[in-house]
2 protein chains.
Amino acid sequence: MTRAAKADPHTDPDHVSDHTLRDLAGYNLRRTSQIVQADLAKTLEPLGLRMITFAALVLIVDNAGVRQTRLANALAIERSNLVLIVDDLEQRGLIQRTQVPTDRRAYALVPTDAGRDMYARALNAVHAHEAALLNNFEASEIATLISLLKRVEAPRA
Amino acid sequence: MTRAAKADPHTDPDHVSDHTLRDLAGYNLRRTSQIVQADLAKTLEPLGLRMITFAALVLIVDNAGVRQTRLANALAIERSNLVLIVDDLEQRGLIQRTQVPTDRRAYALVPTDAGRDMYARALNAVHAHEAALLNNFEASEIATLISLLKRVEAPRA
DNA sequence: TCTAGATTGTTATGATCTATAACAGTAATG
DNA sequence: CATTACTGTTATAGATCATAACAATCTAGA
């Protein structure tokens, strides 16, 4: 960095003002989400998990026997895109596709012991990540943030 | 819909519990952001604008003469990816690439009258969209949400 | 029961988005 | 003046996502 950045935006002629965008909830949501997702991806990378793969594993452990279509709905992704995610989890021995006696089309997804182990480790890593990310937040503020986010999403659920 | 959805998740054997994920700020951020962005895209589509193109136009109108590198930084995207966005805005007559007398490498991006017009229309549409999206929120709650989002993002700025 | 329609998982595919590397032209620095 | 850095650009590859189509299977109505 050869050219020093000026500290005060009011005296810096090169400063780009984005107040119009920053007054929009949608823009702040986008920017904040991008940063947090990128950060979270780095947290899960050492475990060999992507964000969506982690989420799928969590739901399979918490809902042993769930089918792929319902899992895709819960994750808000397309069935077709879930296939490779489940393939990945299965090939790594974290879950199994087991047959459903009453419906030969469907698979019941169940975690293996290794899957439950990975679940615990990944969740610890993510919790630690969130604690670091939100270290200047009160617990009540985090609760407020999550609550507000859910309320934005809720009417469309 | 041939199979009726049960109302109470506690009595619905097919319900997928996602409470573990829903306790994570990052997951709620991701889900909420996805929904809002998709919705916002629909709002801007009739104007022929994508979310990122809209954001670029706003910054160019609010910062007439800004250069592409600074604009890319402000938008948190790569310079190379901004090129096509600026191309699009220019080809539609909303902005102009004008020469910078003191630096023949750089372009100063300035809005045209049509660009300022589009800015006003698009901003109205987005404001209306946000009002509808957040119609069950108090103004103070929206302010709180935006403030919390900025604070999550801030330490990394 | 039989048949038409719906559902499940899957594959293939195209659109979009993003990051990276490399380049020519130009500016800044010592 | 020579080296280094910066600007906009192009090309490219990876990731993400939605859509369409398919075979196998189930469901529901005649």
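Which residues in α3(A) meet which residues in α6(A)? The legends below take up this question, along with the pairing of the chains and the confidence of this predicted model.

**View 1. Helices α3(A) and α6(A) in contact.** From α3(A) come A:Phe54, A:Leu57, A:Val58, A:Val61 and A:Asp62. Their partners in α6(A) are A:Gly115, A:Arg116, A:Met118, A:Tyr119, A:Ala122, A:Leu123 and A:Val126. Sorted by class, this contact holds 9 nonpolar, 1 polar and 2 charged residues.

**View 2. The packing geometry of α3(A) and α6(A).** A pair of packed helices is described by the angle between their axes and the distance between the axes. Here, helix α3 (residues 51-62) of chain A packs against helix α6 (residues 113-133) of chain A at an angle of about 125°, and their axes lie 10 Å apart. Because of that angle, α3(A) counts as oblique to α6(A). The crossing of α3(A) and α6(A) is left-handed.

**View 3. Chain A and chain B, superposed by rotation.** Turning chain A by 180°, with 0.0 Å of shift along the rotation axis, places it on chain B with an RMSD of 0.1 Å. The two copies are therefore related as by a two-fold rotation axis. Both copies use the same surface, since 100% of the contact residues of chain A recur in chain B.

**View 4. Confidence along chain A.** The average pLDDT of chain A is 90, and 90% of the residues score at least 70. Residues 1-7 of chain A, however, have a pLDDT below 50. Beyond near neighbours in sequence, this stretch has 3 contacts in the model. Please keep in mind that where pLDDT is low, the predicted coordinates should not be read in detail.

How values were computed:
Residues numbered from 1 in each chain as written. Chains lettered and ligands numbered in written order. Predicted model: local features only at pLDDT ≥ 70, side-chain atom pairs only at ≥ 80, totals over all residues. Heavy atoms only, no water. Least-squares fit on C-alpha atoms with pLDDT ≥ 70 in both. Contact = heavy atoms within 4.5 Å. Axes fitted to C-alpha atoms, helices over the stretch in contact; angles between N-to-C directions. Helix = DSSP H or I, 4+ residues; strand = E, 2+ residues; numbered from the N terminus. Parallel < 35°, antiparallel > 145°, perpendicular 65-115°, else oblique. Left-handed = near helix turned anticlockwise from the far one by under 90°. Nonpolar A, V, L, I, M, F, W, Y, C, P; charged D, E, K, R; others polar. pLDDT = per-residue confidence, 0-100.
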